[in-house]
Amino acid sequence: TLDSIRYESMLAMLVPKKKPVLFTGGAGVSKTANMLQYLQGLDREKYAVKMTPFSFVTTPEIFQRTLESCVEKRQGRTFGPPGGKKCVLFIDDISMPVINSWGDQITNEIVRQELGEDGIYSLDKPGEWKNMVDLCYTAAMVHPGGGRNDIPNRLKRQFCLFNVNMPSLVAIDNIFGSIIRGRLSASKTSDSIAAVAERLTDATIKLWKETSAKMLPTPAKFHYQFNMRELSRVFAGVFEAPRESITDDRYLVSLWRHECERVFTDKLTNAKDKEWENNQILQVVGDVYGTEMAGDVDGSCYFVNFLEEPRFDDEGICEDERPKLYRQVLDVSLVRDKALAFQTQHNDETKVGKLELVLFDYALEHLMRISRVISMDRGSMMLV
């Protein structure tokens, strides 16, 4: 996008001059993605890249040992990256380390010392100073506040600080709209499916904006934050379904509705919020595709990828024991029968830890949600 090109050009001017760069911004605005995109494009003949994400438990010793692993002795007490290269160290979530009882963030004090003095004291030989050369520093952090830490001012002044904004709606449409329009074009599917795909990005952005305005974070709902990650997860779920399985426009809208429920509704904590979100999804369908379409896709809607039977070749040899086809569940009893078959197979193959689960409808719904998340690339979830 235009914004990412701007950020990369600024990094290209500052990093080779050994000017530390800090990206700050809200969650999910592609701070890390922009930084990694620049770092991956560096000439590996001249630069080595080291990424070290900070967390609540990162200590000064962990950071120093990570730093020392990037360098080797050159002469005397001078250390630098091996092979005469320069090393770009990227510290993600630099504001995460714990703040102690005296208000100090001791992990970032050693970062400040390295940036300001170009060196650190040896942990193995107390009192011995080690000069660090040919190191470049980049970092990223979220805006402080709402339970998020800030970094010390003495460290902040060492960086060239840039605020990363949320991409514009035009940029978002360029990212996701181009992909889905190319995947579901009229030449590859049908005119009706292509017409639905053409407006799918607008519908998703509309729902995202209305959800962000209504579902605001509170102390009890601090995770009510909706950003670019939610948009990407919706389209990642839509792309899980093979193009051949999307038979008509109503199937595609049902798939989109299911992914919106999994991404937005499942994040909410009470029945009132969930009901509002589900109604809002149908409202957006009605606004974008018409009330007739909204009525057609109303009702229970789930997609899973574990209902297919094993595939055998002409000689009876199993080619794929568990083929994955992301398709709509028309009858929940099919999911129950398949889950019970998996449970029986597990009990037959395992001598200990046998399962005797009662798969009522609510449990099956959770099972389908969990299956969807863990089957996606880098999928993760927290059950509360």
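Two strands count as paired when DSSP finds at least two bridges between them. Keep that in mind for the views below, which come from a predicted model.

**View 1**
Strand E3 covers residues 72–75 and strand E4 covers residues 78–80, and the two run antiparallel. How many bridges join E3 to E4? There are 3 bridges, so the pair passes the cut-off of at least two. You can pick out the partners one by one: Lys73 has Phe79 in E4 as its bridge partner, while Glu72 stands opposite Gly80 in E4. At the turn, the hairpin has 2 residues between its strands. Look there for Gly76, which takes a positive phi near 55°.

**View 2**
E3 and E4 belong to an open sheet of 4 strands, in the order E3-E4-E7-E6. The pairing in this sheet is mixed. Which strands stand at the edges? They are E3 and E6; each has a single partner strand, so one side of each is left without a neighbour in the sheet. Going from one strand to the next, the twist averages 35°.

**View 1. An open sheet with parallel pairing.**
Here you see 5 strands lined up in the order E2-E5-E8-E1-E9. The sheet is open and its pairing is parallel. E2 and strand E9 (160–164) take the edge places, and because each has a single partner strand, one side of each has no neighbour in the sheet. The twist in this sheet averages 20° from one strand to the next.

**View 2. A closer look at E5 beside E8.**
Strand E5 (residues 86–92) and strand E8 (residues 135–142) run parallel. They are joined by 6 bridges.

**View 3. Two aspartates with positive phi.**
Asp118 has a phi near 55°, a positive value in a residue other than glycine. You'll find Asp118 in the loop between helix H4 (106–117) and strand E6 (119–121). Is Asp118 buried or partly exposed? Asp118 counts as partly exposed because its relative accessibility is 41%. Asp134 is another residue other than glycine with a positive phi, this one near 60°. Asp134 sits in the loop between strand E7 (129–132) and E8.

A disulfide is a covalent bond between the sulfur atoms of two cysteines. How many disulfides does the model have? The count comes to 0, with two sulfur atoms needing to lie within 2.5 Å. Cys70 is in no disulfide, and the nearest cysteine sulfur, that of Cys87, is 4.5 Å away. Cys70 is buried, because its relative accessible area is 10%. Cys160 is in no disulfide either: its nearest cysteine sulfur belongs to Cys136 and is 12 Å away. With a relative accessible area of 25%, Cys160 is partly exposed.

**View 4. A nonpolar patch on the surface.**
Which residues make this patch? Phe56, Val57, Met96 and Val98 do, and the patch has an area of about 370 Å². Val57 lies in the loop between strand E2 (47–51) and helix H3 (60–68). Why does Val57 count as exposed? Its relative accessibility is 60%, and the cut-off for exposed is over 50%.

**View 5. Asp298 and Ser254.**
Asp298 is in the loop between helix H12 (291–296) and strand E10 (303–304). Now find Ser254: it is 44 residues away from Asp298 along the chain, and their C-alpha atoms are separated by 8.4 Å.

**View 6. Leu383, after helix H14.**
Look for Leu383 in the segment after helix H14 (361–375). Leu383 counts as exposed because its relative accessible area is 61%. What separates the C-alpha atoms of Leu383 and Gln105? A distance of 31 Å does, and the two residues are 278 residues apart along the chain.

Terms used: Residues are numbered from 1 along each chain as its sequence is written. This is a predicted model: local features need pLDDT of at least 70, side-chain atom pairs count only at pLDDT 80 or more; totals for chains, interfaces and linings use all residues. Side-chain values use heavy atoms; hydrogens and water are left out. Patches are made of residues with over 30% relative accessible area and no salt bridge: like charges are joined within 9 Å, nonpolar side chains (Val, Leu, Ile, Met, Phe, Trp, Tyr) within 5 Å. Accessible areas come from the Shrake-Rupley method with a 1.4 Å probe; for residues, only the protein chains shown count as cover. A salt bridge is a side-chain nitrogen of Lys or Arg within 4 Å of a carboxyl oxygen of Asp or Glu. Buried means under 20% relative accessible area, exposed over 50%, partly exposed in between (1.4 Å probe, protein chains only). Axes are lines fitted to C-alpha atoms, for helices over the stretch in contact, and angles run from 0 to 180 degrees between N-to-C directions.
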